[in-house]
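Please open the model in a viewer and keep the selection panel at hand.

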Amino acid sequence: FYKKMGDLSISRQDLLSGLECYKKALKVTPENREILLKLATIIQSSFPERIDEAIDYYNKLLEFNIDNDKIYYELGHLYLRKDDRLNAVSAFKLALNYNENNPYFNNSLAYAYVRIEMYDDAIEYYQKAIKLNPDAKWTSIVCHALGAVYAEIKGNFEAAEATYQAGLVLDPTNLELLLSLGDLLMIKGDLDKAIRTYCDGITLNPENFLAYAKAGLALWEKDYIELTLYFH
């Protein structure tokens, strides 16, 4: 009865009442996995201030030994929201123990490693996620993240440029990636390529003011003053 009342409340967008009903249902049947899962997912998605509560429910779900990879994955993100970086790394690694070829798990572990400044490990897992490539647009975003590590942390501009280019092959419409490539070319002093790249960004999205600003700056560096005024 409590579970049905909870379902009805959730269907009416009355989340607080739904949670209270599910909690009462859980008291009656404390080993009910379905109710635990409802509580964990609703709190995680709709009550970001109640992170510890969501973590407790997910940890209880681990006792059922069902879909533990997905549970550890969700726990990893919850720990990141708490800025508990070490536990986030541990959770994502445990998720990969169950499913080592999941690109999303690899990407999340890479990001967690970035957060604790273990960049070599981050590079390794970003590369794995890119190699698995479940979706071109998603993988281009991972290329952007990996390229940023190469450029901003490692100072390896060649690797960064190659990674950005690979991402643009996967998704030529990724404007943020295109602008980052332009910024990298500016740093390398290749102004002509940088200008062309920024102009490609303007062509891609003529309403993006940042692309115009970056193109104007690159043209100013080349002493093309009249064109600089046009782009600004």
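This is a predicted model: local features need pLDDT of at least 70, side-chain atom pairs count only at pLDDT 80 or more; totals for chains, interfaces and linings use all residues.

Residues are numbered from 1 along each chain as its sequence is written, and side-chain values use heavy atoms, with hydrogens and water left out.

**Stop 1: the nonpolar patch**

Select Phe1, Tyr2, Met5, Leu8 and Val28, which form a nonpolar patch on the surface with about 530 Å² of accessible area together. Accessible areas come from the Shrake-Rupley method with a 1.4 Å probe, and for residues only the protein chains shown count as cover. Patch members have over 30% relative accessible area and no salt bridge; nonpolar side chains (Val, Leu, Ile, Met, Phe, Trp, Tyr) are joined within 5 Å, and like charges within 9 Å. Helix H1 (residues 2-11) supplies the largest share of the patch, three residues. Helices (H or I, at least four residues) and strands (E, at least two) are DSSP runs, numbered from the N terminus. Leu8 is in helix H1 and counts as partly exposed because its relative accessibility is 45%; buried means under 20%, exposed over 50%, and partly exposed in between (1.4 Å probe, protein chains only).

**Stop 2: salt bridges**

The term denotes a side-chain nitrogen of Lys or Arg within 4 Å of a carboxyl oxygen of Asp or Glu. Both residues lie in H1, four residues apart, about one turn of the helix. Asp7 is partly exposed at 26% relative accessibility, and Lys3 is partly exposed at 24%.

Next, select Lys23 and Glu53, whose side chains meet in a salt bridge (3.0 Å, N to O). Lys23 lies in helix H2 and Glu53 in helix H4, so this pair ties together parts that are 30 residues apart in sequence.

Then select Arg115 and Asp83, a salt bridge with its closest N and O atoms 2.7 Å apart. Arg115 belongs to helix H7 and Asp83 to the loop between H5 and helix H6 (85-98), so the pair ties together parts that are 32 residues apart in sequence. Asp83 is partly exposed at 40% relative accessibility. Salt bridges that share partners also join Lys3, Asp7, Glu34 and Lys38 into one network. A search of the whole structure finds 15 salt bridges.

**Stop 3: positive phi values**

Most residues other than glycine have a negative phi. Gln13 is in the loop between H1 and helix H2 (15-28) and is exposed at 63% relative accessibility. Asp67, also a residue other than glycine, has a positive phi near 55°. Asp67 is in the loop between helix H4 (51-62) and helix H5 (68-81), and is partly exposed with a relative accessible area of 40%.

**Stop 4: aromatic rings**

Rings of Phe, Tyr and Trp (its six-membered ring) pair if their centres lie within 6.5 Å; planes under 30 degrees apart count as stacked, over 60 as edge-to-face and the rest as tilted. By this rule the count comes to six aromatic pairs. Select Tyr113 and Tyr125, a stacked pair at 5.9 Å centre to centre with 25° between the planes. Tyr113 lies in helix H7 (residues 103-115) and Tyr125 in helix H8 (residues 119-132), so the pair ties together parts that are twelve residues apart in sequence. Tyr113 is buried at 6% relative accessibility, and Tyr125 is buried at 16%. Tyr73, Phe92 and Phe105 form one aromatic cluster.

**Stop 5**

Which side chain makes a polar contact with that of Glu161? Lys188 does, at 2.5 Å; a polar contact is a pair of N or O atoms within 3.5 Å, and within protein one must be able to donate a hydrogen and the other to accept it, while residues adjacent in sequence count only if both atoms are side-chain atoms. Glu161 is found in helix H10 (residues 157-170) and is buried, with a relative accessible area of 15%.

Finally, select Asn208, in the loop between helix H12 (191-204) and helix H13 (209-221). A polar atom of the Asn208 side chain lies 3.1 Å from the backbone nitrogen of Leu210, and one lies 2.9 Å from the backbone nitrogen of Ala211. Asn208 is buried at 19% relative accessibility.
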